[in-house]
Amino acid sequence: HDQRLLTYTSEPLTEDLDMTGTPSIELLLSCPDGDGACIAYLRDVIDGGEVRYVTEGMLRLSQRAQTFRRADMAPFPTEPTTISFDLLPISYLYRRGHRIRISIAGADAGNIVPVSPPARTFTVGRPGSSITLPVIRSGRG
């Protein structure tokens, strides 16, 4: 899965990290196709390389106003544009030594009806992109 996605992985955590709430992501994105899907997966990388799914969120680029009204749909600009969206709410404990991983995809054919026609490419800007995690406590409780 990770070989086909744009993936960022943290250094190992130095202490437990307790999260409860709604993670959100902000991306500086370029997509020359005018539309597409952007899906973000939050995962936990455990010692030894095992990867656990934590949550995900998605946005259709032409519906970035997030009203989901047809009248508010607009082609995605050709210049880099900032989008933001929430991932599904979580309550999750990342353990010391684990790594936080965020992966970005443009499709998830097994779970999401593809945008037609699908975006061929998009580019994520760094700096200009970030994820906000709902940390309620770090360290040992």
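**An all-strand predicted model**

The model is predicted, and local features need pLDDT of at least 70, side-chain atom pairs count only at pLDDT 80 or more, and totals for chains, interfaces and linings use all residues. Residues are numbered from 1 along each chain as its sequence is written, and side-chain values use heavy atoms, with hydrogens and water left out.

The secondary structure comes to 0 helices and 10 strands, where helices (H or I, at least four residues) and strands (E, at least two) are DSSP runs numbered from the N terminus. The radius of gyration is 16 Å, close to the 14 Å that the globule rule gives for 141 residues, so the protein is as compact as a globular protein of that length. That radius is taken over C-alpha atoms, and the rule is 2.2 Å times the number of residues to the power 0.38. Along the principal axes, the C-alpha atoms fill a box of roughly 50 × 30 × 30 Å.

Four of the strands form an open sheet in the order E1-E8-E4-E5, with antiparallel pairing; two strands pair if DSSP finds at least two bridges between them. The edge strands are E1 (6-9) and E5, each of which pairs on one side only. Within this sheet, E4 and E5 pair over 9 bridges, and Ile-39 stands opposite Met-58 in E5.

Next comes the interior. A nonpolar core is a set of buried Ala, Val, Leu, Ile, Met, Phe, Trp, Tyr and Cys residues joined through side-chain atoms within 4.5 Å. The largest such core has 24 residues, of which Ile-25, Leu-42, Ile-83 and Tyr-94 touch the most other members. Elements giving two or more residues to this core include strands E2 (17-21), E3 (24-30), E4 (37-45) and E6 (81-86). Not counting residues up to four places away in sequence, Ile-83 touches Ile-25, Leu-27, Leu-29, Cys-38, Leu-59 and Phe-76, among others.

A loop residue is also buried. Leu-87 lies in the loop between E6 and E7 and has a relative accessible area of 2%. Leu-87 and Ser-24 are 63 residues apart in sequence, yet their C-alpha atoms are 5.7 Å apart. Beyond its neighbours within four places in sequence, Leu-87 is in contact with residues including Pro-23, Ile-25, Leu-42 and Ile-102.

The structure holds 5 salt bridges, each a side-chain nitrogen of Lys or Arg within 4 Å of a carboxyl oxygen of Asp or Glu. One of them joins Arg-95 to Asp-16, with the closest N and O atoms 3.1 Å apart. This pair links distant parts of the chain: Arg-95 is in the loop between E7 and E8, and Asp-16, 79 residues apart from it, is in the loop between E1 and E2. Arg-95 is partly exposed at 42%, whereas Asp-16 is buried at 9% relative accessibility. Glu-50 and Arg-52 form another salt bridge, at 3.4 Å between the closest N and O atoms. Glu-50 is partly exposed at 44%, and Arg-52 is partly exposed at 40%. Asp-72 pairs with Arg-69 at 3.2 Å; Asp-72 is partly exposed at 26%, while Arg-69 is exposed at 52%.

Terms used. Buried < 20%, exposed > 50% of the residue type's maximum accessible area, 1.4 Å probe, protein only. Contact = heavy atoms within 4.5 Å.
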